[in-house]
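Let's go through the labels on this one and ask what stands behind each of them. Here it is.

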Amino acid sequence: MPSPDLQFTCLRCGRRGTPDDVATGWSLSTPPRPTGSDAPREETVTALCPACARDAVRDLEGRLDP
Ligand SMILES: [Zn+2]
């Protein structure tokens, strides 16, 4: 479960989303935290709004099936 105050921004169009929006089709992914890293903790969430997620899938399919 995402934390209740999590906010994210669509990578493509910059639209703002909240955890409630995940149910509406937002695509979220959090990269695995590197182990043994001295870098400061960074909550990097890759987010795509429903429209851009569809486009991303289309791009992906286009790449897989030229
Ligand atoms: Zn978007």
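Q: Why is Cys-52 called partly exposed?
A: Cys-52 has 18 other C-beta atoms within 10 Å. A residue is buried if 20 or more other C-beta atoms lie within 10 Å of its own, exposed if 12 or fewer, and partly exposed in between, with C-beta atoms placed from the backbone. So Cys-52, with its 18, lands in the partly exposed class. Bear in mind that this is a predicted model: local features need pLDDT of at least 70, side-chain atom pairs count only at pLDDT 80 or more, and totals for chains, interfaces and linings use all residues. Residues are numbered from 1 along each chain as its sequence is written.

Q: What does Cys-52 touch, not counting residues up to four places away in sequence?
A: Cys-10, Arg-12 and Cys-13; a contact means C-beta atoms, placed from the backbone, within 7 Å. Cys-52 and Cys-13 are 39 residues apart in sequence, yet 7.5 Å apart in space, C-alpha to C-alpha.

Q: How do you know that the span of helix α2 agrees with its number of residues?
A: Cys-52 sits in this helix, which covers residues 50–64. The expected span is 1.5 Å times one less than the number of residues, so the 15 residues of α2 should span 21 Å. Its end C-alpha atoms are 21 Å apart, and that agrees. As for the name, helices (H or I, at least four residues) and strands (E, at least two) are DSSP runs, numbered from the N terminus.

Q: What makes α2 a helix that lies largely in the open?
A: The number of buried residues among its 15 is 0, so it lies largely in the open.

Q: Why does Trp-26 count as buried?
A: Trp-26 has 20 C-beta neighbours inside 10 Å, so it counts as buried. It's in the loop between α1 and β3 (27–29). Beyond four places in sequence, its contacts include Asp-21, Leu-48 and Pro-50.

Q: What makes the set with Trp-26 and Leu-48 a nonpolar core?
A: A nonpolar core is a set of buried Ala, Val, Leu, Ile, Met, Phe, Trp, Tyr and Cys residues joined through C-beta atoms within 7 Å. The largest one here has 6 residues: Phe-8, Cys-10, Trp-26, Ala-47, Leu-48 and Cys-49. Leu-48 is also in contact with Ala-53 and Ala-56, among others.

Q: Why does Pro-19 count as partly exposed?
A: Pro-19 has 16 C-beta neighbours inside 10 Å, so it counts as partly exposed. It belongs to helix α1 (residues 19–22).

Q: How many helices and strands are there, and in what order do the elements run?
A: There are 2 helices and 4 strands, running β-β-α-β-β-α from the N terminus on.

Notes
Contact = placed C-beta atoms within 7 Å.
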